[in-house]
Amino acid sequence: MDFKLFMKAITRFFSGVVLVGLLLFLPAGTFDYMQAWLLMGILFVPMFVAGLVMMKNSPELLRKRLNVKEEQSEQKTVIALSGLMFLSAFVVAGLNYRFGWIVLPLWVSYLAAIIFLLAYVLYAEVLRENVWLSRTIEVQESQKVIDTGLYGVVRHPMYMSTLLLFLSMPLVLGSVISFAITLFYIPIIAKRIRNEEQVLEAGLEGYSEYKKKVRYKVIPLVW
């Protein structure tokens with residue numbers, strides 16, 4: 001086992017747990033926020049299990065997923081906007097619970113949790129299909145175009161899964177206001193995809209032909 005990679009992953013994991021907890025429970029003013037506990041459970045338990053699996057079977061993929069240092073200046077803006085969106089959505093969800101602005105019924109939270117977990121399965125399948133999947137936009141050595149599986153349906157199945165994940169999170173938290181905030185993820189990833197495809201077309205052999213073969217970017221028959 002790569003001890004340095006393990007420590008980096010476990011530190012990043014627990015930092016995420018603490019940060020999300022602070023963003024939810026401090027604005028809520030209480031730990032008695034069941035929807036927040038539900039979200040943290042479905043978010044971090046599968047994440048921990050997936051991290052262990054990658055550590056054992058694909059440490060190089062885990063290393064790539066932990067790398068968030070973008071070289072593209074345009075993507076640094078995208079990351080900053082995404083961070084602001086999540087911070088706002090979580091804080092507003094906590095405030096929404098505290099002050100009871102527009103609280104969705106519990107069945108919405110449970111249904112959204114099921115959608116979230118299904119999206120997690122989709123996310124895991126994308127990781128299985130694409131060993132070159134990095135969190136930064138780059139063309140890697142020996143990288144090839146993947147056009148089978150989910151990549152035969154849409155060009156960016158990772159964004160399809162994250163769209164479902166991110167839009168379901170505020171509904172798990174019971175906040176329609178936070179859901180409205182996370183809708184900004186759509187133009188954010190549209191901007192990221194434009195830049196990503198420019199990089200891939202310029203540096204990845206066969207990508208232009210792949211774009212002609214697979215028409216849709218994120219949502220089949222829609223986008």
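Guide: Helices (H or I, at least four residues) and strands (E, at least two) are DSSP runs, numbered from the N terminus. This is a predicted model, where local features need pLDDT of at least 70, side-chain atom pairs count only at pLDDT 80 or more, and totals for chains, interfaces and linings use all residues. Residues are numbered from 1 along each chain as its sequence is written, and side-chain values use heavy atoms, without hydrogens and water.

Visitor: What pattern does the protein chain follow along the sequence?

Guide: The protein chain has nine helices and zero strands. Read in sequence order, the pattern is α-α-α-α-α-α-α-α-α.

Visitor: What is the radius of gyration of the protein chain?

Guide: Take the globule rule, 2.2 Å times the number of residues to the power 0.38, with the radius taken over C-alpha atoms. For 223 residues the rule gives 17 Å, and the protein chain comes close to this, so it is as compact as a globular protein of that length. Its radius of gyration is 18 Å.

Visitor: What share of the 223 residues is buried?

Guide: Buried means under 20% relative accessible area, with a 1.4 Å probe and protein chains only. In the protein chain, the buried share of the 223 residues is 47%.

Visitor: Where is Ser161 placed, and which residues does Ser161 touch?

Guide: Ser161 sits in helix α6, residues 157-172. Ser161 is buried, with a relative accessible area of 0%. Contact means heavy atoms within 4.5 Å. Leaving out residues up to four places away in sequence, Ser161 touches Ala119, Leu122 and Tyr123.

Definitions and conventions: Buried means under 20% relative accessible area, exposed over 50%, partly exposed in between (1.4 Å probe, protein chains only).
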